[in-house]
Amino acid sequence: MSILRFAVAFFTLAVALPVWAHHDLRAEFDEQKPVSLRGIVTRFEWSNPHAFLHVDVKDPSGEIVNWAVEWASPLDLHKAGWTRDALKVGDSVTVEGWLARDGSKLASGRTIVLASGKKLNEAPETEAPVTRGQSKPTPRWPDGHPRLGVVPGERGYWANPSAASLVETTVGNIRMDSNGLLANLNDAGKVAPFQPWAKGLYEYRQRTLLKDDPMLSCLPPGGPRMFQVAHGVQFLDQPERRRIFVMSGGANRNWRLIYLDGRALPNSDDVTPTYFGYSSGHWDGDTLIVESDAFVERFWFSNGGLPHTESLRLIEKFSRPDFNTLRFEVLVDDPGTYTRPWSSAWTLRWIANQDIQEYFCQDNSKDEPHMVGPAVGR
């Protein structure tokens, strides 16, 4: 397939398929192969990372075949009006979805209609929006520094990033979906100042629809990706201990520590590299500036499959210009992957009156064997 044909076909997918937290579905399911399944529910698995519905369906020969239909996380389905007992064994249902690429009796569910006529839809892509109206001022600690976390007596967390992936700030708008998949593969070279090997790897990950994403194996979303994945993040300020916990809602209780006690970053040769690195920060007016290094290479540090090496060093800036907005900026310095340091930035929105809920990728992870992606080189 030519690059132009791939770009056209890929853009069709990019605007059609939904986004789920655990991984990108395009490597597992084919939007060009819709399926309608009518049968009897035999099991409904209400578990993370995805719910599964099992249905006995009569094929054209009259044989009964059991199909599995994959849905979003229960955390997401709940927002669409689902409950644990929405479907029961013995229910007669009609499911619309897309077939798995590997030819198995597996489908991605879009809608389901019960015999009663009740219809359940796929989960929404984003968290509930903040309430519109006059924004409240930035909450502050007694010393004047902005609070990045919850105000006492209230609930909330940060979600809905304004950008799907790291893209160099000076480039401008590059079309991509919420998983960082480009609408036009020809834009790959604009995303960052890649070294040749890194650009080739990035393009391969894009062409194969992110089928090798480490999050599929339940590895953490380290680095800036922590502020891109579904289910949001929460900051737990501990000024008395001069540190901040940052907790991810899109992983297995993953968290990182930012020390504010003035400590220097450790020598990378003296510590064991981690998925979130080692972070030391300080306040510069209303901006928290954080330096981090000592990262392992096993994770993707951004949606979309941007590569990095253990030479990666980050300088992040966090600010809260008003109550409902968190601004995140990052300087990426990785001489093993990029020709020069480069920057990216986006914002997150405050999800009020809700708490981050428990999400475990390992609970019922079944997707990895089916992530075949498209054929490469056609």
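1. The accessible surface of the protein chain comes to about 16,800 Å², of which 50% belongs to carbon and sulfur atoms; areas here come from the Shrake-Rupley method with a 1.4 Å probe, and for residues only the protein chains shown count as cover. The model is a predicted one, in which local features need pLDDT of at least 70 and side-chain atom pairs count only at pLDDT 80 or more, whereas totals for chains, interfaces and linings use all residues. Residues are numbered from 1 along each chain as its sequence is written, and side-chain values use heavy atoms, with hydrogens and water left out.

2. The protein chain contains four helices and 15 strands, taken as DSSP runs (H or I of at least four residues for helices, E of at least two for strands) and numbered from the N terminus. Of its 378 residues, 53% are buried, where buried means under 20% relative accessible area, exposed over 50%, and partly exposed in between (1.4 Å probe, protein chains only). Among contacts (heavy atoms within 4.5 Å) between residues at least 6 apart in sequence, 63% join residues at least 24 apart.

3. The largest nonpolar core has 45 residues, and V191, F227, F235, F301, L306, F318 and V332 touch the most other members; such a core is a set of buried Ala, Val, Leu, Ile, Met, Phe, Trp, Tyr and Cys residues joined through side-chain atoms within 4.5 Å. At least two residues of this core come from each of α3 (188-191), α4, β8, β9 (243-248), β12 (287-293), β13 (313-322), β14 (325-333) and β15 (342-352). A second, separate core of 25 residues includes W71, A72, A86 and V93.

4. Leaving aside residues up to four places away in sequence, F227 touches P161, V233, F235, V246, R256, E316, F318, F328, W346 and L348. Two of these neighbours, E316 and R256, form a salt bridge with their closest N and O atoms 2.9 Å apart, the term denoting a side-chain nitrogen of Lys or Arg within 4 Å of a carboxyl oxygen of Asp or Glu. This pair links distant parts of the chain, with E316 in strand β13 and R256 in strand β10 (residues 255-259), 60 residues apart, and both E316 and R256 are buried.

5. By this rule the count comes to 16 salt bridges. In the bridge between D187 and K190 (3.1 Å, N to O), D187 is buried at 14% relative accessible area, whereas K190 is partly exposed at 46%. R263 and D261 form another, at 2.8 Å between the closest N and O atoms, and here R263 is partly exposed at 40%, as is D261 at 29%.

6. Strand β3 (residues 64-70) is largely enclosed by the rest of the structure, because five of its seven residues are buried. Strand β2 (residues 52-58) pairs with β3 in the antiparallel sense over seven bridges, pairing requiring at least two DSSP bridges between the strands. β2 and β3 form a hairpin with five residues between them, and G62 in the turn has a positive phi of about 95 degrees. β3 also pairs with strand β5 (residues 106-114), in the parallel sense over three bridges. V69 is the bridge partner of L53 and, on the β5 side, of A107.

7. T208, in the loop between α4 (196-207) and β8 (233-238), counts as buried at 1% relative accessibility.
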